[in-house]
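Please go through this chain with me, one feature at a time. The sequence and model come first.

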Amino acid sequence: MQEELTPRQIVEELDKYIIGQDDAKKNVSIALRNRWRRRHAPEEMREEIMPNNIIMIGPTGVGKTEIARRLARLADAPFIKVEASKFTEVGYVGRDVESIIRDLSDRAVNMVEDEHREDVQDRARELAEERILDELVPPAEEQQSASTTSGPGFVIHTQDDPDEADAGDAASDEHAPRERTRQKFREKIKAGELDDREIEIEVSSDPQNSMLQVFGPMGMEEMGMNLQEMLGNLDGGGQKKTRRVTVDEARELLTKEEAQKLIDSDKVQEEAIERIEQAGIVFVDEIDKVAARSSGGSGGGGGGGQSADVSRQGVQRDLLPIVEGATVNTKYGIVETDHILFIASGAFHISKPSELIPEFQGRFPIRVELNNLDEEDFYNILKQPKNALLKQYRALLASEDVDIEFTDAAVREIAHTAAEVNMEVENIGARRLHTIMTTLLEDILFEVPDEKHDDSVLVDADMVEDKLSSIAQNRDLSQYIL
Ligand SMILES: Nc1ncnc2c1ncn2[C@@H]1O[C@H](COP(=O)(O)OP(=O)(O)OP(=O)(O)O)[C@@H](O)[C@H]1O
Ligand SMILES: [Mg+2]
């Protein structure tokens, strides 16, 4: 885990992806570091120290979700994003908030499993290649029975083996040449020389496709049991089926299967639960939508507004236990939510954080505001982040051997248009850059594969203006296009 990063280092990492929003970055970096600090605190204090849950306040598309997501990645932390407003939809009132933790536990298990799989990869590959070898050149004991099934066309050279005569007892005398052949094939398999050859292998059918998965979400979880595993154990871990594949494909399939066998699922689950409890991050979006509006707001309308307020508060009350610390049954075991970090976020245009119920406010002591993004920010967002849009398009077109460049003036012009349209039509923050870029590059992206294009395209300010200004200046048009 990467939680040893200092707040400054965390901010530096976040800077690689997110422009501006320094206050938010600073606060999330402290919250993350505090978790590490807590784990190093004296035991009797450790349980007392509560996570610094955060409310991020800011308009749409300015980086709230992005910050939380990047933070989780940095920390190798299991992460889940939920929308508070989802819990108010008709039929969903009182929806089981514990499902958040259950979903999080699925992710944590996948995450830890991937890591373990990585650890056993080399060994699994060896075992897989050994199984392929058994198919191609069965070991000596099986020679008789297997020789009829193994594919045609194998000539096993034994005649010119110099050691043959030296062997002591009769048994090894028989086996030694075969072992040598096997060794030769083993090397060939390893070197990939037999990759195109077809063989028949037996693989257990993919658990992902099994029927039981279909029944999974129908409430089995609530009982805290893992039916699939129970049944899996009964029939010895799934059905086997024979497939004819190339050695290359066989290696991939069998490596997966062997890796799965090598992974200790009890250990994975234990570790996953530990990781959720100590490092999990739950991002609760649209929290403002479940804040009650101040009484002045909805006014004389009467009953409707009031009951909506009640249901909004209801959502907060539902969420409260898991934020405060509850015990949740998951199919992997019990998860204590006390030290999970919760980051809530919302625009708070209509409601205010002070309109959340007091208990809820108390659990989110840190408030950070994110700023509106301006033209200068857009310019930087287009260019700087590791995953910057311009870099993405450059990579996309590089796949067609086309090199696309943007002049500085062009980037300025794109940023300018984005800011303008945001102001004129609707402020959707940095998301505007996506819509503008697709409009700008539409023709290029369409034509490049079949037209005999030059291997480089230069986007300059004129072209940007050409493509965008007529749309940007027409409010009706830009509502639909940009
Ligand atoms: N400050 C920023 N720096 C770099 N990219 C940004 C920034 N803000 C937003 N983006 C980009 O814009 C897109 C939307 O951002 P994000 O999902 O974080 O918005 P948000 O603040 O969570 O909005 P909402 O309130 O609608 O959920 C993402 O693709 C993100 O990469
Ligand atoms: Mg968001």
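This is a predicted model: local features need pLDDT of at least 70, side-chain atom pairs count only at pLDDT 80 or more; totals for chains, interfaces and linings use all residues.

Residues are numbered from 1 along each chain as its sequence is written, while chains are lettered from A and ligands numbered from 1 in the order in which they are written.

Q: How many helices and strands are in the chain?
A: Helices (H or I, at least four residues) and strands (E, at least two) are taken as DSSP runs and numbered from the N terminus. Counted in this way, the chain has 20 helices and 11 strands.

Q: What percentage of the residues of the chain count as buried?
A: A residue is buried if 20 or more other C-beta atoms lie within 10 Å of its own, exposed if 12 or fewer, and partly exposed in between, with C-beta atoms placed from the backbone. Of the 482 residues, the buried share is 29%.

Q: Are α1 and α2 oblique or parallel to each other?
A: Two packed helices are described by the angle between their axes and the distance between the axes. Axes are lines fitted to C-alpha atoms, for helices over the stretch in contact, and angles run from 0 to 180 degrees between N-to-C directions. Helix α1 (residues 7–15) and helix α2 (residues 22–39) have axes 8 Å apart at an angle of about 130°. Angles under 35 degrees count as roughly parallel, over 145 as roughly antiparallel, 65 to 115 as roughly perpendicular and the rest as oblique, so α1 and α2 are oblique.

Q: Which residues in α2 meet α1?
A: Contact here requires C-beta atoms, placed from the backbone, within 7 Å. From α1, the residues are Pro7, Ile10, Val11 and Leu14. Their partners in α2 are Lys25, Lys26, Ser29, Ile30, Leu32 and Arg33.

Q: Is Gln21 buried or exposed?
A: Gln21 sits in the loop between α1 and α2 and has a positive phi of about 55° although it is not a glycine. Around it are 24 other C-beta atoms within 10 Å, so Gln21 is buried.

Q: Which helix gives the largest share of the shell around ligand 1?
A: A residue is near a molecule if its C-beta atom, placed from the backbone, lies within 6 Å of it. The shell has 18 residues, of which Gly63, Lys64, Thr65, Glu66 and Ala430 come nearest. The largest share, three residues, comes from helix α4.

Q: Which residues of α4 are buried?
A: Helix α4 covers residues 64–74. Its buried residues are covered by elements including α1, α2, β1, β2, β5 and β8. Those buried residues are Lys64, Ile67, Ala68, Arg70, Leu71 and Ala72.

Q: What is the distance in space between Asp76 and Arg275?
A: Asp76 lies in the loop between α4 and β2, and it is partly exposed, with 15 other C-beta atoms within 10 Å. Asp76 and Arg275 are 199 residues apart in sequence. From C-alpha to C-alpha, the distance is 9.2 Å.

Q: At what angle do α5 and α11 pack?
A: Helix α5 spans residues 98–136 and helix α11 residues 265–279. Their axes are 8 Å apart, and the angle is about 125°.

Notes. Two residues are in contact if their C-beta atoms, placed from the backbone, lie within 7 Å.
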